[in-house]
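Here is a walk through the side chains of this model. Have the viewer open while you read.

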Amino acid sequence: MFSELVRLGKELERQGKLPPAGFYEYGEPIKWYVALWPDRARLVGTEQAIPRPYGGRTSDMKAHLLSDEAGYALGIQRMRGGGADNRAADKHERFKNLINDFLAWDGLTDTSLREALGWLKDSLDRQDILADPRVGEILSKDWVSYKPEIGPLAGQHLFEHELAKAYWVEVMQARCAPGDRMITGQCATCGASDLPLIGKIPLGVKLAGVTPLHSLNADAFTSYQSGSDNFKRAHLGLCFSCGDTASRAFNYLSQSDQHRKTLA
């Protein structure tokens, strides 16, 4: 079943009907983007409902790469209806740390992207946007992205760069590891060797409710990588890309009138 779902998911990605691995079509659009130059930045209002990085976070503080809620992306505290997000400073620090980790990644070979990330990092350090006249309009839950205004990447959301997508998959592989340590092996679906094997799939599948397609909460289909303890198991020996692709393909089928019928 997983193999068929992954095969379908990749074909749907090729047709532009599904976002890439690790991305999700949110119900909330991107409401703001930060226009970047080497020495300054400016806040721009927008309304773009496009797929972006998805980490499946609930109450935990884990940043998304290069596009996130304003509490993470800018450290904005103001909440809808009044009140303040007291965790915004910590969230913003995690967002900046993820950018620093991306800059240190060996796979960051595009000099234009590296340069634009440098502009972004400098802008966040200078806190340019906090002096922007429109900053008071932003809510902590508003989605924010970043675009260079000059150079080869001008007008492009940085999170949409192919290297950003590749790095986000690596981040999610680490976050989805069983327990507190990474287990590597061969993916039972795609056959790739020496990949981190996941203990959970962040994206739930949608039926009567939203549940994981598989997780360490169940004992079925378990591969014992280094013992029988819960944190040492990896279900089916799946890599993140295959697990996420299978879930996205399943959701595509379950939400299509052509492929689903409610019987009870």
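This is a predicted model: local features need pLDDT of at least 70, side-chain atom pairs count only at pLDDT 80 or more; totals for chains, interfaces and linings use all residues.

Residues are numbered from 1 along each chain as its sequence is written, and side-chain values use heavy atoms, with hydrogens and water left out.

**The core**

A nonpolar core is a set of buried Ala, Val, Leu, Ile, Met, Phe, Trp, Tyr and Cys residues joined through side-chain atoms within 4.5 Å. Buried means under 20% relative accessible area, exposed over 50%, and partly exposed in between (1.4 Å probe, protein chains only). The largest such core has 66 residues, and Val34, Leu66, Leu74, Phe102, Tyr146 and Leu158 have the most contacts inside it. Helix 5 gives the largest share of this core, with seven residues. Helices (H or I, at least four residues) and strands (E, at least two) are DSSP runs, numbered from the N terminus.

**Aromatic rings**

Rings of Phe, Tyr and Trp (its six-membered ring) pair if their centres lie within 6.5 Å; planes under 30 degrees apart are stacked, over 60 edge-to-face, and the rest tilted. Phe102 and Tyr167 have ring centres 4.8 Å apart and planes at 15°, so they count as stacked. That pair also links distant parts of the chain, with Phe102 in helix 3 (residues 88–103) and Tyr167 in helix 5 (residues 162–175), 65 residues apart. Phe102 is buried at 0% relative accessibility, and Tyr167 is buried at 9%. Tyr24 and Tyr54 turn up again in one aromatic cluster with Tyr26 and Trp143.

A charge sits over a ring if NZ of Lys or CZ of Arg is within 6 Å of the ring centre and within 35 degrees of the ring normal. Arg40 does this over Trp37, at 4.2 Å from the ring centre, and Lys147 over Tyr33, at 4.3 Å.

**Salt bridges**

A salt bridge is a side-chain nitrogen of Lys or Arg within 4 Å of a carboxyl oxygen of Asp or Glu. The structure holds 15 of them, including these:

| Salt bridge | N to O distance |
|---|---|
| Glu4 and Arg7 | 2.5 Å |
| Asp60 and Lys62 | 3.8 Å |
| Lys141 and Glu69 | 3.5 Å |

Glu4 and Arg7 both belong to helix 1 (residues 2–14), three residues apart, about one turn of the helix. Glu4 is exposed at 52%. Asp60 is partly exposed at 28%, as is Lys62 at 31%.

What about Lys141 and Glu69: buried or exposed? Lys141 is exposed at 52%, whereas Glu69 is buried at 14%. Salt bridges that share partners join Arg57, Asp68, Glu69 and Lys141 into one network.
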